[in-house]
Structure formats: structure tokens, C-alpha cells
Amino acid sequence: MGKAMLEVRELTTKYITRFHEDVYAVDHVSFTVEEGKSIGIAGESGCGKSTLALSLMGYYFPPLHYTSGDIIIDGKNISGMNPDDVRVKILGTEIAYIPQAAMNALNPTRKILKFIEDVILAHDPKQSKNDIRDLARKRFEVLNLPADVLNRHPVELSGGMKQRTVIAISTILSPKVLIADEPSSALDVTSQKLVIKMIRDMMDMGFIKSMIFITHELPLLYNVTDSILVMYAGQLVESGLAKQMIFDPVHPYSKGLMDSIIVPEEGTRDVKLTAIPGTPPNLKNPPSGCRFADRCKYAQKLCKSFEVSMRKFGEVSPEGDTSERNRAYRCLIPVHELKESYDKEREGGLSS
Amino acid sequence: MSEQAPTALASDLRQDATGIPVLSGKGVTKVFESGGKKNVAVDHVDFEFRQGELVSIVGESGSGKTTLVKMLLGLTAISEGDIYYMGTKRDISTRGKKKEYWKGIQAIFQDPFSSYNIFHKIDAVLLDCLNMRGLGKLPKEKKLELITEACSFVNLKYAELTNKYPFELSGGQQQRLMIARIFLLKPRILLADEPTSMIDACSRATILDMLLNLRNETGMMIIFVTHDIGLAYYISDAIYIMERGKFVEHGKADQVILTPTADYTKRLVNDVPKIHQPWDFSVNFGK
Amino acid sequence: MKNTLKQVFGSGQFMMGFVIISLIVLTIIIYPLFNPGNPLERIGIGTFFKPGTYVSAFDTVNARQFYTLNLPDAEAKRVGSKLSPDDRVSMMEWLVAAGVSEEDIDIEDTDSFVQLWWDTYDPNVRFDSMTTAFRKKIGRIDVALEGILEDMDVIIAKEGEDGSLAQSSVVAGSDYVNVADVANVRFLPLGTDNFGRDVLKEMISACRTSLLIGLLAGAIATLIGLTLGLLSGYIGGIVDDIIMFVTNLFTVIPGFVLLILISFSIGQEQRGAPVVAIVIGLTSWVWTTRSVRAQVVSLRNRDHVNLSKLSGHSLLRILATDILPYIASYVIMAFILQVCSGILAEAQLSMLGLGPKTTEIPTLGLMMYWAMAYTAHLGGAWWAYFPVVILIALISFSLNLMNTGLDQVFNPQLRD
């Protein structure tokens, strides 16, 4: 087991609405990202995945508020730090954050190199401009970005190139954690692939030590991250390796998500797509018990009254399979029972 | 509101196009002019859509697919070329003729939240469809019956919708209400412009299934416009691939996606992340 | 709809503005009921009577009964009412400027001080450093000093048939009259203006006229702006080009200059309040047109409009049901601002002497114009213009407050 780069323990954050109601968008979330690993977060819109990204940065501004829990980056607890300290001491060196619209955040009147100088000088005012230029050029070279981009203005670059440039700028200080929130969703598929390739290269070369990747596109997540967390209504409902999560989901909600994947590959045309009925609960007053129970076709009586926490499979799996070691899910029904129901349904679907 | 999982496989609902051509175009072109600069959004496209067919038009943003949709709907004038509706050249020169044309072609748009007039209740939206079909004079009970039928077609209960505003529904439900509207209007052709792109993946299947049912029950010709090649592959009988205002490739879905011939299609299929085959990073088309 | 209203009235800023403007409107309606009569009646012969209660001197001396009150500080008060400490300082300044040595002046000793003043003061003497306002003030003080040192009883005499005077009564320093015994008492809370009209009564009537001018001007400007903006934005093409050409033309010419020119060329005789309001309305629709057009252009391509077209609805129906409701909140906000700027424009025009015909109706702008023309600001007659300024500011403040409140409710970008 590698060294933990990011450890999140029972993190809870809330929005306070203008009617002074508390909305817990991230509710007791815990996970660990090891050095050199990447983790993906999947879920429907409004499940709290983007709020989780904002919360992890420790950079809170109203209406988002920190409630409880720990965020530990490479052994250092940053939860509860004040936003100004976070901006100076954490962003850039410990954590880099790339939102979907990052490419539109560049001031159009300045050259790319200027942004890099800003980032580096903010953390080390003594660096000489020549050193910075050399560093930037070298970094751009290994990432397959043309070096002359450094002397251009943001408006001269295409959307995909701009997004890659922004990622290169924000990771110039080799942060320990990269948080990427839908970094490629606004791009066409070819640019998306180049962005993903660059992020993977940066992981391989150690420019970023670990990554959290958030997207609603499951095939993308499968190709980018080592493991996947599924979020529902502010809580984690299942975690596991990417392959296990895509092809062998256990939680009924993850199962529903995975069954809605559409890819242009042979044979996929004849697979039955399923939908999850209903809508996610209102987080202003979440239902008691399992939050998914209302939409779950396997729900039992107890589900609506009994709240389950994340359970590791090791304790549940009868086979004792070691690859299941790191998996966990939040459901009352035992793993083997769920899997049996899924198998039965699949056979039923094929025979009809 | 209850929703049921789709009951039939998409493949069972697909069919081969044998019907008569309902909508076709020859050299359809749209040129935007601003400040002396000419911008060709749609560049001499030819197409032929047949009765009962479900055709996808696939293109990325900026490919001109939205402009083409507007021309097909008669919301934007055509710069050059002709569109043929039911075999004869389309004539929408007067408001009366336009109205007649729109009885035959209707649309579902991308964003359900901006598709409804927020000041109109659901009842008004649905009643308006009956007026358009010339059924405005039917007795109230009969109208109610038709509306209830349309709602149950999309798994919504009219009793739960009446006196509500569309924005009180979820995105998926709103989009289903759009389909109910189409069910009431029963046009020959339905243009669905990215109807699922604003909707969560887990409600997407329901919408797709309803579109397929609509086609199967009424023999409606559906033009499905999307940027998602996987989605196009899943739902369509035939696919047109659009790049920079031109159709670079078209044919049956299997043929276009599994054995693409145009470079652009190849790149598109290759660059989409996959789960059964490895995602190919090696080929760089140098953009 | 109900919800929107609830939200609007839940906004603190809107409520505050609404309460202020409601109070003003209520006053306009209720005050004339209690104090009827022509607001332009000239009750005072003379200019700028200061605020206060006016008691008929004739009725006072002819009062049914005099009461003797022995009040110890009566004398001091009598002197103080004619000569305040502030007046004494001003007088000393004048004396020092006139060359009297500061040591020779005993400001506390009323007798010698006033005597010195009478010996030295000459209204025709001017110093370089003396402002007109100061000169006028000194003149007023001098007049007030008359009779200050006399402490004899006052003899009231009546003229006989033959022209001889016969003493009828004697008024001593300790004689008092009960106000209830005086038949004619008039309370003028804000005094009178240069024509001798009751300022408060006039101001309330003027406020009504000004609000009506603002409403009419705002309604005209909003109506023109809305119509042109809707047509230009929705139809586009050549219609848009023509309307935008005209709009741009009016944008380039400063609206206020245009307003001055039109007002001037209409001539004094034709310039009633409605005419002024119409002229203001006709010159201030430009920004409404531009912003309505911008809103409509962004709405024009919305899917609900496309859907409405596909449903075969007519142009007018689409404008009325699919466009107008969406910009209604915006139009209301624009209207409020137009009303406000209409009131201000009238005030500005009137200050330049180009307001409504000057003698028939009061407006807030006209009141300021007359106050300025008769140099009320130099004469210390603050009551003739300051309440008017406050009232205009209050109207403008409350309307802008309502607008900001509405903006926060309707503009999603400002929502927190």
C-alpha cells in the first residue's frame, strides 16, 4: 500500500440557502488517495460531487461552509484553515484545482508566461524570471505543448489547447493533489483525448502525485482513474477499482448508473439500457434510512428506517477474493444477494 | 410519478427504412453574413429521410447541425438549395402555409427548462396542441381523454400534472411532457435536437425508449440530432455524420460506426472513450 | 405571480422605498382635505416669511383680557429674541472690519454694544471681504434691533373722528394674552415663499404635479421604448436597422440638450405641465428601447419562442405571451427609473426657466426656480428651497430603492 497523499475523514460541508436552511451537500465522506493513484467520483448532477471538489480545497466562501471532518494532505491537516492561508499555502503547491470552465479564466490581455511567473513568484518571490522561463519551457516540452504558446495570448489558442495550457500552468509547482472537475466536458472528443493524455503523462512523470477526477461520463472515468467512488445525495454509496465498478457494481444505484452507459462499440446496440425511476431526494430534508430506498427496486422494509454506513466487502464477501479488499458499499442487502438478483435479471433479459 | 423500466430492447424496435421519402434536401446551404464576411454554416447538404425511419445527425459543436435543424423546421431561411416535403418542394412563404407545414413537422429541443413558457400551465401547453390539430371545438371530456392518453403514453399521470407549471417537474419529466406534446400533435416528422444531453444518464434511457415507441406506434419519422456518437449508434437506423457544414458520411448505423470510411468519422469513433476496447491514445491526428 | 409579489415585498429595500413613496402619496391625498383652498393663494404681503405661528397683532392688542404674568426672565428673552449670540458675533465682525478696536467692544453688555453699533453702522459701507449674504444678514440684524433698548410701556391709541389720538389702553412689559383669545392665528410650518404663499401647502401641491409629470413622462418613454424595442428585437432585419438608426441618432444627441431646445421652441405660453411631461417622455425613451431590444434579442432564439412559432402562433401573440411576460419585471424597473428621471428632468428644466408655465401651477422644479430667482439661499430663507430639495431627493431615493429591491429579486446574477 502506497503512501497516502490525500486522506479525507468524515468530511461534512453545507450550503446555507438564502432562507437560512442548511443543505448538507457533502455528508460524512471518507476516502484515501495513495501516491501515484487517481480516484474518480461519479454521480448524477446535484449529488454533491462538485461541492466535494470545492470542499477538498479547503477554500470556503459563502454560501458553502465547512462543518466537520478532516482533510489531510501528505500528513498535514488543512481542514479549518482560513481561506487566505489556504490560498497562499495550499493552492498550487499542495492542491491544484481545474474546473470545467478553467480555460475561460485566463485574463485575455496577458501572455501565458506571465501567468506562470505569477504562480511561481507567489510562492517563491526570489525566483529569477530566466529560471522560470526555462522551467516553463522544459515542462511544456515534456507535455507535448509547443513552447511558443508561452509567448501567446489566451485568445490565440483553441479551446482544447487553452485547457491543456491552464492545466500545465496550475500544476507548474507539482502539487500533491490535482482536483479536476469535468476538465474536458466542454471540449470536442479529440481535444478531450489530448487533455486526458496530458493528465496521464503528468501522473506518470510525477508532476502530480495523485488525482481526483470528477465527471458524469463513466466511460471516461473508466479510462482515466484507478478507482471510482459513486456519490448519491451527498454520501458515498460505493467504492472500488475502476474495472470492478464499471463491470461489476454492487450497490443498486451504481448498478443503475453502469447500466445506462452508452458507447459506440460493437454489440452495445443490443444491450438493454435501464433507467432509474424517480428523482434524487431534496437535501434540505433528506429521508431517514437509506437515501436511495425510494428509487430502489430491491428496497426492503428496513431500508427506509435503518441507516447503513459504508461497509467493506472483505467482511461480507464469502469468496474471500483479495481484489475485493478495497471495495465498500452502503446497502443493507448482502453483496451475494444483490449479485444474484442482477444475474437473474440479466438472464431474464436475454431470454425474452 | 411512477416510471417503468423500458420493456423492449432497442434492437427489437429498430427497422429498415422502406417507407416513402418524407423529407429530403438538395444542396441545402446556409450562409451567414456579418460585416462583409461570409460564414458558410451549412454547405450544400443532400439528404433523404423516409417514413418510419430514425435517423441521427451527428456533429460536434460548430458543425452546423443546429442551423440545419432550424432550416428543416422552417425557422431560418435557406440561402441556397431546396427542401422537399412529401415529394414536393416545400412552400412556407405565407403564415398559413407555414402553419400547415408545422402540422407535419415538430421538434423537441435540448434544454427542457427553456422549452416551456414559464407563465403557462401544463394544461395550456397540452390544450394548445389540440387547438393546433383543429380539435379545439371538441367537448371538454373528449379533450381530457386525449390529454390523459398522451400523458400515460409517457408514463405521467395527468391528474398529478393538472394546474402545475412545467418547471415544477424534473428535467426528465419535462422532456417526457415534450414527447406527450408530440404524441398529441402526431406530426409526420419529429426533430429531436439533443433531447437527452441535459438529462442525467439514468433518466436518459426512458426518453430514448419513448422516442422509439413513438416511432413504432405512429410510424413517425424521427431525426435525432446529437454530438454523442454512442447515443446515435444506440438509437438510430441510419446516421449522417456532419463536419463543418457538410455531411462527410452517411449510411446504416452499424456500417457508419463499425466500419467508418471518412477520416472524420474514424477519428470521432476512435477518440470516444470506450469500455470494452482499450482507448487508443497512440494515434494523434495532430490538432 | 403570488409568489413573486411575496418575494418582491419581502425585499427590505423595495419595502423601504415603497413605504416612503406611499407616505408621500398619502400626504398628497390627505393634506388638501385638511387644508383646502388654492395652494397658490398669496397670503403673505412680502417675501420669505419664516416658518412659525403667526398671531394677529391687531387681535392681540384688542384681546378681551390682558393677564399680568410676573416672569423673571422676560426681559432677557425679549432682548435675546431680537439679538442672538450669533448675531452679536456677526455684528462684532462687522465692527472690527469697520476699524473698531476689538478691546473697545463688550459683546456681553447689551446697552453699550447696541449703542456702539448704532453709532458706527452704515448700510452703505462695503468691505472687500464681505459677501452679499453677510451684508444682507447684517442688514436684517440692524432692522431687528429697532426698539431693543426701550423698556417703557406701549400706549395703544385710537384715532378719533377729528383725527386726534386718544389713549385706549396701555400694554406693559408684563402683560400677556391667551392665544385662545386671539381670533386669527395662522401656523405656517415652512413659512412663505417670495410671493407670500404658504410653502408647505404649495410644496404638497407641487409634489402632486411633479409626480404626475414623472408618471406621464415615464409612461410615454416606457411605452415608446417598449414598442420600438419589441419590434426591433423580435422582427430584426430592416425594421431593426431603421429603428436602431433612429435610436442611435437620439443617443448621440444629448437628451437634455434636445429637451431644452424643444421646451424653448414651444414657448412659454404653450408650456403647461402635461406638455412638459410629454416633451420629457419623447426625449427619454432611447435607453429603454436599447435595453428592451437587447433582452428581446436574447429571448428571440429561446426554445420556448421557437416552440410557440411551431405551434403556429401569430407575431402579436408571441410578443404578448412569450416575450412580454419574460421582460415584464425589467420593464417595470425601467418604468420606475423613467418616472424618477422624469421628475428630475422637470426640476432641471424649471431651474433653467424652461419649466411649465410659471404662474398657474406649482411644481417642485418651479419652487426651486423661484427660490433661486429671489435669492432665498442668500437671504437665509432655507424654508423656501431646502424642504423641496429634500422632497425631490426622497422621491428619487425611494424610487431607486424600489428599483434596486426589484433588481435583487428578478436578476438571478444578484441572488446569493
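Analyst: Of the 352 residues of chain A, 46% count as buried, where buried means that 20 or more other C-beta atoms lie within 10 Å of a residue's own, exposed means 12 or fewer, partly exposed is in between, and C-beta atoms are placed from the backbone. Please keep in mind that this is a predicted model, in which local features need pLDDT of at least 70, side-chain atom pairs count only at pLDDT 80 or more, and totals for chains, interfaces and linings use all residues. Residues are numbered from 1 along each chain as its sequence is written, while chains are lettered from A and ligands numbered from 1 in the order in which they are written.

Now to the overall build. The radius of gyration of chain A is 22 Å, which agrees with the value near 20 Å that a compact globule of 352 residues would have; this radius is taken over C-alpha atoms, and the globule rule is 2.2 Å times the number of residues to the power 0.38. Along the principal axes, the C-alpha atoms of chain A fill a box of roughly 65 × 50 × 40 Å. Chain A contains 10 helices and 12 strands, both being DSSP runs numbered from the N terminus (helices are H or I with at least four residues, strands are E with at least two).

Contacts come next: two residues are in contact if their C-beta atoms, placed from the backbone, lie within 7 Å. In chain A, 63% of the contacts with a separation of 6 or more are between residues 24 or more positions apart.

Chain A is also divided into domain 1 (4–229) and domain 2 (249–351), with bounds that come from an automatic or database domain assignment. Taken over C-alpha atoms, the centres of these two domains of chain A are separated by 30 Å. Where they meet, 10 residues of domain 1 of chain A are in contact with seven residues of domain 2 of chain A. On the domain 1 side, strand E2 (22–34) and helix H7 (218–224) of chain A are the elements that give two or more residues, and E2(A) has the largest share, with three residues. By class, this side of domain 1 of chain A has seven nonpolar, one polar and two charged residues; Ala, Val, Leu, Ile, Met, Phe, Trp, Tyr, Cys and Pro count as nonpolar, Asp, Glu, Lys and Arg as charged, and the others, Gly among them, as polar.
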